[in-house]
Amino acid sequence: MKREIPLFLTAVIGAVMILGFFVPHPWVSVPTDFLQQSAVIVVAFGYVLGGANVLRVNLEGIAKRDRDWPYRVVLIAGMLVTMAVGFFVDGPRFQAPGTPSIWIYNNLFATMNATLYALLAFFIASAAFRAFRIRTLEAGLLAAAALIVMLGRVPLGDFLLRPLTDHAGLPEWLRTTPLGAIQDWVMNVPQNAAKRAILIGAAMGVMATGLRVILGIERTYLGGGD
Amino acid sequence: MNLSALESLDRRWIFLGMALLVAGPLLFPVGLPLEVSKPTQEYYDAIAAVPDGSPVLVACDYDPGNRPEMVPMTKTTLRQLFDKHCKPIVLCLWNGGPGLVDQTLEEVADEYRARGVDLVSGRDYENLGFKSGNEAVMVLMGQGITNAFPRDQRDRETRTLPVMKGIRDYSSFPLLVSVSGGYPGTKEWVQQVNSRFHLPMVSAATAVSAPDYYPYLQSGQLRGMLGGMAGAAEYEKLMHEKGPATRGMDAQSLAHFFVAACILLGNAVQWSRGKRGRA
Amino acid sequence: MLTHASSSTRRGLLAFGIALALAAAAPVRAAVAPPDTIAAPRAPTGLVFADIANDAGRAMDLSWTLSPDDTTGSRTVTGYLILRGPTPGGPWAVVDSVPAGTRSRRDEGVHHDSTYFYRVEAVGPGGRTLAGAAAGPAIPRAAWFNSTRGSVFAFMALFFLLVLYYMYMAQSGRKPFVRRLAGIDAIEEAIGRATEMGRPVLYVPGITDIDDMQTVAGLVILESVARMTARYETPIRVPVAYPIPFTIAQEMVRSGHLSAGRPDTYDSNSVTFVSPQQFAYVAAITGIILRDRPAAHLYMGAFFAESLLLAETGFSTGAIQVAATANVPQLPFFVVACDYTLIGEELFAASAYLSGEARLVGGLKGADMLKVAIVLVVLTGCVLETFGIHGLTRWMQTQ
Amino acid sequence: MNVSHDLGTWVAAFLTLCILSFVYKDNPFYKFAEYLFVGVSAGYFIVLNYWTVIYSNLLDPLRTAFGGHVEGGPFRIEQGDYRALLVIPGLLGVLLFTRLSRRTAWVSRWALAVIIGVYAGLKTTGFAQGDLVAQVQASLQPLWVPGHLWTSVNAIVFTVGLLTSLLYFFYSREHKGGLGLATRVGVLFLMVSFGAAYGYTVMSRVSLLIGRFQFLFSDWLHLIR
């Protein structure tokens with residue numbers, strides 16, 4: 001019961017969804033549309049559940065007085081205030097300009113989200129210095145392509161090269177944007193060929209997984225227990 | 001030069017170098033000349049080819065984490081659409097994005113209103129807002145845009161909005177613009193909508209995902225593409241704007257040279273150590 | 001949008017209201033010319049309908065020839081009304097109104113496999129003129145197969161059959177040959193090295209939840225890795241980002257110990273739940289790397305921007321690093337900083353190989369055969385295209 | 001210096017600096033900001049998903065359905081108007097919360113099964129059409145275009161790169177002999193593509209830092225326009 005019914009549901013629903021791709025008739029398309037609408041709704045509940053989990057994990061941390069418990073208090077305060085404002089102060093129009101929710105969104109959420117990603121600029125430079133080893137032909141090619149793309153995609157590279165390349169006898173691309181043109185070629189020919197191979201391979205991987213899920217072979221998502 | 005001293009270099013010196021090279025050109029811009037690349041030109045041309053006044057679906061799938069790349073692209077795209085009296089129908093499938101997307105849309109609309117152009121939300125443009133469910137939302141919209149989005153960002157009933165009159169499903173749009181920060185984004189729109197519903201599309205993508213989308217560009221599944229801040233800056237040039245992407249390109253240039261130098265120097269250090277080791 | 005009879009009447013009334021509004025507005029617009037000089041427009045002609053192929057029978061395309069009075073600058077015609085009825089004799093309901101100069105419309109308010117008749121009417125300030133005969137019977141057919149997707153069906157069916165065939169073969173004892181990936185040797189070597197140095201193994205199953213197949217593959221590989229570490233009695237550390245993969249990871253490590261015959265050595269603290277928050281997760285892992293100094297780092301699963309931080313921190317400690325991910329943008333950072341990297345789908349191949357499960361191996365073999373088919377299709381197609389034969393290319397064009 | 005007078009901008013600038021301080025080293029300011037971020041985003045996601053999905057796609061239509069204002073007719077389901085049927089996804093959504101207790105967690109599998117089934121189907125067909133068939137189709141190109149030497153060379157290089165890279169992911173035979181040679185060529189193409197990805201990732205990351213500095217210099221300190 002605990003496993004069979006979910007497996008059966010997944011199999012039937014997965015098969016109907018695939019059928020719905022090929023069969024436009026309402027007898028198939030109406031159930032698939034309903035399933036999609038249902039998925040949208042259940043996924044939204046999933047986010048609420050995720051929030052409830054965050055709350056639980058951190059309350060446990062505070063109760064146990066673990067190392068970071070004062071920070072966890074900050075976390076829970078931030079969460080509860082955001083929710084209180086969103087549910088009781090603002091309501092369904094919480095995203096309208098000028099609401100307290102939008103203030104929190106702009107000055108807290110958006111700011112920190114953007115800055116966390118900006119940190120990566122620093123780390124990418126230090127990783128380039130400390131963890132980019134050209135030990136093989138393959139790594140050498142990788143490095144060469146990386147350098148061409150990095151220097152060819154911004155104006156400075158060609159700007160610096162122009163005094164060297166701007167001679168009347170040379171072809172147009174070499175005269176104006178030598179690095180840019182090589183960059184274009186790398187992107188459109190060799191990198192594109194390999195990317196397409198990866199894309200096709202990945203597509204087969206996803207299809208195989210889909211088949212396994214529908215056949216009930218792949219059941220890791222059911223989690224542990226009986 | 002004795003490279004071995006660099007071996008134990010504290011990485012914070014590298015961080016400092018990066019910070020200075022980015023901050024410097026922002027405070028003292030040079031304005032290096034830009035060349036427009038082919039994918040950017042195609043992106044511009046694809047939007048220019050849309051019949052004036054038609055509704056255009058603009059999927060803004062990003063959050064503030066990608067703001068510096070995505071927002072300039074979104075703004076310039078909206079300007080090109082508003083200039084053609086097109087009606088952008090905007091939506092967002094990223095949890096963190098709807099607030100940012102809404103403000104970006106309103107800021108551009110305000111620019112036009114300040115110039116005396118009468119733009120009204122719900123009549124001349126529309127923000128459908130957020131919906132969870134990624135691919136399921138995309139396919140659901142094929143059955144009816146308002147079925148997936150019964151109420152919009154401002155909690156209005158979408159069926160009753162003037163801008164939605166005559167919009168039923170994807171066949172109501174001549175073009176889909178996917179401004180994409182990752183998953184879900186351009187790739188999923190290509191798979192679920194471009195192929196399935198035959199809706200032509202262009203992509204404004206972060207630099208991270210741009211190489212992944214080149215195969216779609218070659219196959220014609222994408223009609224054009226902006227790749228990262230460089231693409232955004234080129235697009236601004238085509239639209240005769242001097243926007244944030246253009247202003248960032250000097251810093252971008254220097255930082256790229258810095259990273260390139262880090263790769264070369266890091267390996268030079270290793271090689272010199274390797275030689276000493278063998279000797 | 002609604003198709004029920006009463007609603008289409010309602011819709012008709014709505015459209016009629018629009019038409020009236022058009023007519024009411026007309027005198028104002030025609031103020032330059034005296035109203036009495038404008039005659040009723042002549043009727044549009046040649047109304048034809050066409051069912052849309054490969055759809056659910058939800059729409060009908062209509063087109064007509066404009067009224068002879070509908071010319072640029074003329075104000076005789078302000079628009080057209082489209083009427084629909086169940087019989088050639090009506091009753092008629094207005095289903096749509098379009099401005100002058102429009103030659104076609106798609107009626108999206110029909111129900112599949114029902115019979116309809118259409119008429120089109122010219123509207124102007126001088127009156128309304130109905131086109132002569134009704135067009136019909138128009139039946140919007142709901143298709144049972146979208147024929148433009150034939151090639152997708154062919155490829156999918158071929159793939160599924162191949163996979164099922166090899167799964168069947170594998171289960172009936174004739175396990176197909178699958179080569180051992182170099183990456184698997186690299187994993188074993190790394191674990192061996194950690195054992196020699198008496199230091200733990202760090203295993204990171206990616207940063208996504210269980211709905212990502214990469215996480216699943218990472219957890220499958222974890223079982224084999226745990227079996228090896230249990231056999232060598234080397235401690236393993238597994239930080240996990242999400243609650244469900246966390247419980248599964250615990251189970252995988254336990255069953256790894258079990259199948260190595262060492263259930264007693266299972267340490268329930270070896271798997272830890274950290275946080276789905278990207279940077280918090282990274283901070284926890286780098287903490288383990290710097291504090292516990294594992295001698296082998298295995299990153300197997302979905303990684304995003306944090307790949308670079310993990311690879312760099314790991315590199316700086318001199319540990320052996322093996323990575324595997326199908327998130328292509330992150331591969332370069334692993335390739336340059338790790339001793340071995342499994343590229344893209346090799347992650348799934350490794351999980352199939354290591355688990356040795358017949359059905360996974362069968363799936364791998366099936367995918368291999370489709371690759372051969374694709375290589376042949378591409379070669380054939382390129383040759384055909386070179387000689388100007390476009391049939392294959394056209395067949396594969398889908399909608 | 002003419003700095004901003006807006007409280008929000010100061011809060012945002014303070015948090016920006018808290019997080020940027022991580023590059024010096026992990027510190028209480030960074031930790032404060034990080035935990036606050038997790039809390040605020042968890043709260044925000046709940047509010048967002050409640051109002052934009054649970055309220056507008058589920059509760060509001062259900063209220064209409066049970067409020068007696070039923071319009072439309074027997075075909076409204078075909079138009080995507082499910083009304084009372086929406087009780088089913090609503091129930092499944094609620095079932096997810098059985099996960100909060102270990103003993104009842106198995107009930108949530110029913111909801112999970114529906115989601116997994118839907119996405120397995122959608123992804124399988126999406127990848128099959130958009131990636132597999134469409135990409136193979138686009139690879140069928142003439143290898144020799146008379147009079148266009150460069151186009152022809154590129155087409156040949158592209159096709160060789162595609163096929164050899166594809167063969168790199170071939171597991172049924174040892175990579176020896178002809179296949180071995182092909183896969184060695186394939187891996188070179190793969191490496192070029194990774195190099196390109198590296199370069200573009202650098203561009204992305206630098207852009208994000210530029211964006212943050214633009215905020216600090218213009219919105220907060222008003223140093224630049």
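The structure is a predicted model, and every value below was computed from it.

**Helix 4 of chain C**

- The 20 residues of helix 4 of chain C should span 28 Å at 1.5 Å a residue, and the end C-alpha atoms are 29 Å apart, which agrees with that expectation.
- Beyond helix 4 of chain C comes Glu233(C), a residue with a positive phi, near 55°.
- Glu233(C) sits in the loop that runs between helix 4 (213-232) and strand 10 (236-240) of chain C, and it has this positive phi although it is not a glycine.
- Glu233(C) has a relative accessibility of 53%, and because exposed means over 50%, Glu233(C) counts as exposed.

**The interface of chain C and chain B**

- The size of an interface is often given as the accessible area lost when the parts come together.
- Between them, chain C and chain B bury about 1100 Å², and 45% of this lies on carbon and sulfur atoms.
- Each partner is represented in the contact, with 10 residues from chain C and 10 residues from chain B.
- Two salt bridges are found across the interface of chain C and chain B, and one of them joins the side chains of Glu312(C) and Arg11(B), with an N to O distance of 3.2 Å.
- On the side of chain C that touches chain B, the residues by class are three nonpolar, two polar and five charged.
- Three residue pairs are also in polar contact across the interface of chain C and chain B, with both residues at pLDDT 80 or more.

**Backbone features in chains A and B**

- Arg65(A) has a positive phi of about 50° although it is not a glycine, and its place is in the loop between helix 2 (26-63) and helix 3 (69-90) of chain A.
- With a relative accessibility of 52%, Arg65(A) counts as exposed.
- In chain B, the peptide bond that joins Tyr183(B) and Pro184(B) is cis, with an omega of about -10°.
- Pro184(B) is found in the loop between strand 4 (176-180) and helix 8 (186-197) of chain B.

Technical notes
Residues are numbered from 1 along each chain as its sequence is written. Chains are lettered from A and ligands numbered from 1 in the order in which they are written. This is a predicted model: local features need pLDDT of at least 70, side-chain atom pairs count only at pLDDT 80 or more; totals for chains, interfaces and linings use all residues. Side-chain values use heavy atoms; hydrogens and water are left out. Helices (H or I, at least four residues) and strands (E, at least two) are DSSP runs, numbered from the N terminus. Buried means under 20% relative accessible area, exposed over 50%, partly exposed in between (1.4 Å probe, protein chains only). Contact means heavy atoms within 4.5 Å. Buried area is the accessible area (1.4 Å probe) that two parts lose on being put together, summed over both. A salt bridge is a side-chain nitrogen of Lys or Arg within 4 Å of a carboxyl oxygen of Asp or Glu. A polar contact is a pair of N or O atoms within 3.5 Å; within protein, one must be able to donate a hydrogen and the other to accept it, and residues adjacent in sequence count only if both atoms are side-chain atoms. Ala, Val, Leu, Ile, Met, Phe, Trp, Tyr, Cys and Pro count as nonpolar, Asp, Glu, Lys and Arg as charged, and the others, Gly among them, as polar. The expected span of a helix is 1.5 Å times one less than its number of residues.
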